[in-house]
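Q: I have a structure open on my screen and would like to learn how to read it. Could you take me through a few features, one at a time?

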Amino acid sequence: MNIRVITKTEEFYECKAIWKQMDKWCCLFMLFDWLYLWWQSYEAEDIKLRLYIAENEDGDVIAILPLMLLKRDGIQTLTQLGDSGSDYFGIVCDPNNNAGIVELFNEIKEEETYDRFVLSKLRIDALTTEKLLKAGINAFNDIEIINQGKTYYVDTDRTYVEYYESQSRNFRHKINQISKYSDKYEFVAIDEYSKEIINETIRLHKDRWMKSAQLSVFFDRRRCEFYHKICERMSREKKLRLFVLKTNDSIKAYRIGFVDKGIYYDWNTAFDMNCMSESVGILLCDRVVRYCCASGIKEFDFLRGEEDYKKRFATGFRNYLAIDLKRNLDIEGYVYNPPLKKVQARLKGINCVVFAWQNFLGLDLREKDELKDLLTVLKRSNISVYLCEDDFDSLNGNCLIIGDDLEKIIKISDGNAMTCLYIDDFENQYLIRQKPDMSVSSFTDLLEYFEHNTIHERAE
């Protein structure tokens, strides 16, 4: 068994022919085209390519594990390639053949250039996930398995009438209610790449999230570049599907995705907020389900995200997980603190602050000495302040959620908060997965974050 490690972009491209021979075992996000185009857009000085390839004694490639090495705040993390924009991950290999996977992990373990080895977005129902887990347990002394959530899907391998009749009474009532708007909008399915139309979807996405007081993924130049590249390539492969609702040639809602091996992967969507009262997003989703049922597509995969409308449309769900393969136990309590400029940029858009402190529940925040200066700054900047009581549900807009009640913080932040803080007794602070995304050690530090050219700049 021979293990090769590809570290250069030109060598990555040279793997194209071999990789494409293994396409039959790849989901959309593990195809060569997807990952190579992503790498072209996201390659940077602090991201190093690590493409592990296992070959048998005859020199035939039997497994490919596409990874990258990230350096963040002095910590080297080995993780999956294509993390941003890719919804599923796995290993490229024959799912019925274990050869090469254990050897790959043993080779990775011997590398001395990383502190953590994390693989996420692993579908629990994928045969290769089980193989990755077994190989990881075999090679590493300590492995943490993390449940990341659910992905919802619609079984479209039947007629739409059969699907509709199998859904709940409330769902059918909602679809009947909004059907009165169907004649107002033209439904169009597009499979050809158009730079102008893709740019229009980007504009609509930015506008939709800005009006919800959140940032669109398309504020990242690299995401826009990759978006155009992958849509153009998938159009050539006859896999692109862009669904729109239009009035007078103006797009009011879109869903864009790709069809691969009989599955429609619903990758990105947005709608005109001015049409929210007519439920254009739900109306379009229903039309896409109809399209899939009529086009021989066996499944509509909503991909990651547990929005309520997905649950209502779905006929099933899958769990997906991450594995953290411990390498350097000295960084077990490591917390990533973003640079001050990044924190400042995020704080500028905040319009409310929620306190989720167990110790403060039922107390008047204004009487707490350590909070007086902070509350003064917030009031001067016209920022609302809320106390998270037991019956508190959620907030819309750009919220900063602060506290030691982790369960409350996660509940409120899910899909709403722009920035979250978790502070534990001002001595131990933790980064909880991707949320919260900031941490401080005292109210003094927090006050400095707010005062240093952030909120004052906006107030003036």
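Predicted model: local features only at pLDDT ≥ 70, side-chain atom pairs only at ≥ 80, totals over all residues.

Q: Which residues line the largest cavity?
A: You can find them in a few stretches of the sequence. The lining includes Phe29 and Met30, then Gln80, Leu81, Gly82 and Asp83. Ser86, Tyr88, Phe89 and Lys121 belong to the lining as well.

Q: Let's turn to cysteines. How many disulfides does the model have?
A: The way to read this is by distance: two cysteine sulfur atoms have to lie within 2.5 Å to count as a disulfide. By that rule the count is zero disulfides. Cys26 is in no disulfide, since its nearest cysteine sulfur, that of Cys27, lies 7.4 Å away. Cys27 is likewise in no disulfide, and its nearest cysteine sulfur is that of Cys26.

Q: Is Cys26 buried or exposed?
A: Relative accessibility is the number to look at, and buried means under 20%. Cys26 counts as buried because its relative accessibility is 4%. Cys27, at 23%, counts as partly exposed.

Q: Where is Ala17 found?
A: Look at helix α2, residues 16-20, which contains Ala17. Ala17 counts as exposed because its relative accessibility is 54%.

Q: Which residues of helix α7 are buried?
A: First, the general idea: an α-helix has 3.6 residues a turn, so residues three or four places apart point the same way. In α7, which spans residues 169-178, the buried residues are Phe171, Ile175 and Ile178. Seen down the axis of α7, these buried residues fall within an arc of 75 degrees, so they line one face of the helix.

Q: And what does the face of α7 turned away from its buried side carry?
A: That face carries the exposed residues Arg169 and Asn170.

Q: What do the buried residues of α7 pack against?
A: They pack against three helices you can pick out on your screen: α6 (160-166), α10 (280-294) and α11 (308-313).

Conventions:
Residues numbered from 1 in each chain as written. Heavy atoms only, no water. Buried < 20%, exposed > 50% of the residue type's maximum accessible area, 1.4 Å probe, protein only. 1 Å grid on protein atoms, 1.4 Å probe; cavity = no way out; pocket = protein on both sides within 12 Å on 5 of 7 lines; lining within 4 Å. Helix = DSSP H or I, 4+ residues; strand = E, 2+ residues; numbered from the N terminus. Arc of directions from axis to C-beta. Contact = heavy atoms within 4.5 Å.
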